[in-house]
Amino acid sequence: MNNMEKSRGNLLLEFFSEEIPARMQLNSEIQLQNLLVKSLTQRDIAFESFKTFSGPRHLSIIIKNIELEQKDQEIEKRGPRFDANRKAIDGFLKSNQLKIDETIIKETNKGKFYFHSQMIKGQKTYEILPDIISEIVNSFVWPKSQRWANTDLKWARPLRNIVLLLNNDVVKGKVEIGKNVFLNFTNFTFSHRYSDKKIVINKIENYEQLLEENFVILDRNKRLDKIINDTSSLLDKGKLKLVNDKSLLEEVVGLVEYPNILIGSISKEFMKLPREVLSTAMRVHQKYFSITDKENNLESKFLFVANSIKEKDRDFRVIEGNERVLKARLSDASYFFENDITNTFQNWNEKLKKVTFYESLGSLHDKIIRMANISKIFAKDFGVQSELAKQAAILSKADLVSEMVMEFPELQGIMGGHYAKIKNEHEEVTKAIFEHYKPKGVSDDLPETKLGSLLSMVDKIDTLVGFFSIDKKPTGSKDPFALRRNSFSIVQILINFKINLSLNELLKPSLKEYCCSSKSIKRNIIDFMIDKLKFVLSNQNNRMDVVNSVLNTKIVNDIPIKIISSRIDSISKFNKNNDFKIFLANYKRINNILKSEKFPNKTEFPVDLKFFDTIEEENIYKLSNSFSKEIIKKGVCEKSQDILINYLIKMNEPISLFFDNVIVNHNDNNIRINRLNLLKNLHNSISKFSNFELIED
Amino acid sequence: MSVNNSFQKIITSLQSFWIDQGCVLLQPYDLEVGAGTFHPATVLRVLGPDPIWKAAYVQPCRRPTDGRYGENPNRLQHYYQFQVIMQPSPEDIQNLYLESLYFIGLNPKDHDIRFVEDDWESPTLGASGLGWEIWCDGMEISQFTYFQQVGGIEVKPVASEITYGLERLAMFIQKIENVYDLDWDGIEKNKGGKTYGDIFLQQEKEFSKYNFEKSDTSFLFKQFNDAETECKNLLDDKKNPIALPAYHQCIKASHIFNLLDARGVISVSERQSYILRVRNMARSSCLAWMGKLNE
C-alpha cells in the first residue's frame with residue numbers, strides 16, 4: 001500500500017482564460033478529458049479516475065492516482081532478414097553495438113527477421129508532462145478561435161494561465177504560444193471576477209473547495225443545481241413557476257461563475273404585447289426567463305441569473321438596471337408592434353416582391369403564389385376549404401417584412417398569426433399562419449390544425465422541390481437549406497394526418513410550378529423522401545425490415561402514404577402468425593428459384609395454357625391473376641390490407657401442392673420456361689404489395 | 001450636484017484615463033462613418049508600420065436606418081462612440097477596461113458585469129474579430145474585439161479594440177430612460193444647462209426625414225460611383241499609390257451606401273454587390289497602406 005502511495009499521486013491541470021463563450025464550454029471539458037487521457041495512455045502512464053470542470057474562465061481536469069513514473073518501455077528493433085548476407089547482419093550488429101546472441105529471430109508476415117529488443121526505463125511523469133501539455137494545447141480545437149497580442153496559438157479567447165500540479169507540486173515547464181512567447185506552469189489561479197484575486201493551490205484535493213470559497217463554482221452541474229434550487233425556493237413563496245427553457249438554462253450556466261438568482265418586474269403597460277414577443281425580447285437579447293402562475297398565465301415578472309455574490313444593496317441596483325434595460329427593449333418592441341398593426345398584408349406582400357427567396361427561385365412573393373396554387377390542390381386531402389387554404393398561403397410570409405420579425409426573426413409565423421387575427425382574418429387562417437413553421441425538428445410538435453399542417457407541408461415541399469430543381473440538394477454533412485429537416489417534417493405530417501396521397505401526386509403540382517420536367521430530379525426527390533419515410537416509420541416502433549419491404553416495391557411512388565403506413569401495420573400484426581410464416585417461406589422459395597434465372601425487363605410474362613399438365617399449375621395461374629386484380633382493387637384501401645394478407649395466406653396450400661407435385665426444371669424447355677414465367681408472374685403480383693424477400697425470419 | 005456624471009465629463013474622464021495608459025488622444029475623423037472602427041487610426045494603423053499603436057478618440061457615428069424622427073428613446077441615427085485601440089493587445093486589457101469604468105463613476109463591484117460572446121464582423125471593411133459585448137446589469141455598454149483581420153489581411157500583432165457606446169453608458173450612469181434627457185454639461189437647466197435633446201433632437205428629426213424621405217438617390221448613386229472611381233484612380237500607380245486619400249473615398253462610399261440602403265432603393269440581390277465594391281476599396285487601400293499593392 002505504502003508503495004502504491006509513493007508511486008502514484010494526483011494531477012491538476014487548469015487552463016485559465018478570458019471568458020469562453022458559453023456554448024463551447026461543455027465540449028471543451030470533454031475534449032480536454034479525451035486529449036489528456038489519450039496522451040497518458042499512449043505513454044503508458046496509468047491512472048485511476050478523472051474529473052473535469054468548465055466555466056467562463058476556468059477549464060480544468062483532476063486525474064486521481066496517476067503513476068509518477070511511466071512503465072518501462074520495450075523497444076524492438078528489426079534487423080535484416082534471417083537469410084540476408086553476412087555483411088548486412090554484421091552491419092546491424094555493429095551499428096547497434098550488439099553481439100549475435102543478443103538478437104532473436106522472429107517470424108513476421110514478411111518472413112523471418114533478426115530482432116533486438118531493449119527495455120528502456122520509464123521516464124518520470126513530471127518530466128513527460130510538459131510535452132503532454134504542449135501537445136494538448138496545440139491540438140485543442142475550438143469551433144471558433146483567435147490569436148492575441150504576439151501569439152500564434154489559437155484559443156477561444158486569450159489563454160492567460162496554466163496550472164499544472166503533480167502531487168501538489170508545480171511541474172516545471174512552459175508552453176510556447178508564439179515566437180518567444182511562453183506560458184509557464186503555475187500553482188495559482190484566479191477568483192471570481194468581482195475580486196480577481198490570485199489563489200495559490202497548495203493541495204489538489206482542496207482545489208474545488210478553495211475556489212468555491214472564492215466564489216467560483218467550477219462544476220457546471222453544481223452551478224446548474226444552485227440555479228434550479230435557488231429558483232424554486234424563490235418562486236415557491238410566490239406560488240409561481242418558471243417557463244421551462246432548458247437551452248437557456250444551459251447557456252446561463254456558462255455565463256456565470258457564481259449564480260445569483262434575481263427577479264425583476266415588467267411594467268404593466270407592456271403586458272398587452274403578445275406573450276411570444278415578451279418572452280422572445282427577454283430571452284434572446286437579455287437571457288431572462290419568463291415566469292407564469294399555476295394556470296400558465298404570464299406574470300409581469302422576469303427571472304435572471306447574475307454573476308455575483310448575494311448582497312442586498314447590489315442586488316437591488318442590479319435588478320433596477322435590468323428592469324430599465326427590459327423597459328427599453330419592450331418599448332422598442334411596442335413601437336414595432338404599433339407600427340405593424342397599422343400596416344397591411346397587401347403592403348407587406350408588395351414588399352415581398354423585392355425579397356429574393358433564393359437566386360433563380362424567384363422572390364418570396366413568387367413563393368406564396370406557388371404555395372397558394374399547390375394548397376388549393378391538396379385542400380381536400382386535408383379536409384379544409386380550398387379558399388381558406390389559398391388565403392393562408394397568400395398571407396403566410398407577409399410577416400417576414402414586418403418590423404417585429406425584422407427585429408426578432410424567431411417570431412416568424414407567430415407574428416403573422418397575431419397580425420392576421422388583428423386584421424380579422426378567418427380563425428383557421430390565423431392559426432395556420434401561426435404554426436406553419438412547425439415541426440422545427442424530428443422531436444418538435446406537429447401543427448395542431450389541419451390547415452396549419454397543409455400550409456406547413458406545402459411551404460416545405462415548395463422549398464424542397466425548388467432547391468432540388470437547381471441542384472442544391474444536400475451532400476454529405478452539408479445541408480445549408482435544411483432540406484433534410486424539411487422533408488422529415490413533410491413526412492411526419494403526411495403520416496400523422498394519414499394523407500391519401502402518393503409521393504408522385506404530392507410532388508407533381510410543385511414540379512409543375514417550377515416548370516421542372518426532369519425525370520432524374522423527380523427521382524432524386526422521391527428517393528430523398530423515401531429515405532426520410534424509412535427513418536420516421538421505423539422510429540414509430542416498426543421493424544426496419546418490414547418498413548423496408550413495403551418501401552422497396554417498384555410502385556411505391558404511387559402508393560398513398562396512409563396505405564404505406566397501414567400496410568406496415570398489417571404486416572407487423574401478422575408477423576407472428578404461423579400461416580404467414582409459411583407464406584414467407586413459400587415466397588422465398590419462389591424467389592430462390594427465380595433468382596438463378598434471367599428474365600427480360602418486363603412486368604408480364606407469357607404463360608401458355610397448353611403447356612400445363614397439372615391442376616396445380618392451373619391453380620397458381622388463377623391465383624396470380626386474381627391477386628393482380630385484387631391488389632389493384634383493394635391495394636389502395638386502407639382497411640383492406642389485412643384482407644390482402646389473408647389472401648396471400650390462402651395461397652399457402654396451392655403453392656405447397658405446386659412444389660410437391662410439379663417439377664419446374666422440366667426436360668422440355670418450353671414447359672420449363674412456361675412454369676418459370678408462371679412463378680414470375682405470381683411473384684410480381686405479390687411484390688406489388690411488399691418486397692417480402694427483405695423480411696427477416 | 002451631478003457634474004461628475006455629465007455626458008461631457010464621461011468623455012473627458014475616458015480621455016484622461018486612456019491617456020494615462022499611453023494612448024495618443026486623437027480627434028474624430030472628419031467624415032461620416034458607421035462606427036469608430038472606420039477611423040484610419042484603427043483600420044490602417046493596426047496594419048502597421050509600427051507594431052505598437054495605442055490610440056483613443058471620440059467618433060460621431062451615423063447609421064441612417066436607425067433614425068426614428070426623435071421619437072424613440074433609445075435609437076439615434078447619429079451618436080457617439082469612444083474608441084480605444086491597443087496593439088499588441090495588453091495582457092491586462094480586461095482589467096484596464098474595468099478600471100476605466102471605475103474612473104468614470106461606475107464601480108464594477110457594485111454591478112453585475114458580464115462578458116458575453118459577440119464576434120464582430122464588418123463585411124464592408126473585410127474585417128473580423130472575436131470578443132464580447134460587455135453587459136452591465138443587463139445593459140450592453142461596450143464592445144470588445146480582438147482584431148484578427150482587416151481588409152482581408154491578418155492583423156499581427158493582434159490589436160484589442162474597445163468601443164464604448166457613450167449614450168448607453170451615460171444613460172446607465174445617469175439612470176435615464178430617454179436619451180434626450182441626458183444631462184450634457186452638468187449645469188442646471190435654469191442656469192443654461194443643456195440636455196442631449198436640447199442639442200440633438202432637432203438634428204434627429206431633420207436627418208431622419210433626410211435619410212428616409214428627402215435624399216436625392218440618383219445624386220447618391222452618382223456619388224457612390226464617383227467615390228469608387230476616385231479610389232481606384234488614387235491607387236492606379238501601383239508603385240506610388242496614395243493610400244490615405246483612397247481610403248477616404250472608401251469611407252465616403254460606405255456612408256453613401258448606408259444612405260441608399262435607408263431609402264430602400266438597393267434590392268437584396270444588389271446589396272451584396274455594393275458591399276463587395278466597398279470591401280474592394282477597403283482592401284486595396286489597406287494593401288496600399290502596407291506597400292503591398294503590387295504583390
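Okay, let's start in a sheet: strand 15 (residues 289-292) and strand 16 (residues 298-307) of chain A run antiparallel and are joined by three bridges. One of the pairs is A:S290 with A:F302 of strand 16. Helix 9 of chain A, residues 312-342, packs on this sheet, touching strand 14 and strand 16, and its direction is about 55° from that of strand 14. Angles here run from 0 to 180 degrees between N-to-C directions, with axes as lines fitted to C-alpha atoms, for helices over the stretch in contact.

Quick housekeeping. This is a predicted model, where local features need pLDDT of at least 70 and side-chain atom pairs 80 or more, while totals for chains, interfaces and linings use all residues. Residues count from 1 along each chain as its sequence is written, and chains are lettered from A and ligands numbered from 1 in the order written.

Helices (H or I, at least four residues) and strands (E, at least two) are DSSP runs, numbered from the N terminus; strands pair if DSSP finds at least two bridges between them. The whole sheet is open, four strands in the order 13-15-16-14, antiparallel. Strands 13 and 14 each have a single partner, so one side of each is left without a neighbour in the sheet.

Now helix 15 of chain A, residues 427-435. Seven of its nine residues are buried, so the rest of the structure largely encloses it. Buried means 20 or more other C-beta atoms within 10 Å of the residue's own, placed from the backbone. Those buried residues, including A:I433 and A:F434, pack against helices 12, 14 and 16 of chain A. Contact means C-beta atoms, placed from the backbone, within 7 Å.

Definitions and conventions: Buried ≥ 20, exposed ≤ 12 C-beta atoms within 10 Å, placed from the backbone. Contact = placed C-beta atoms within 7 Å.
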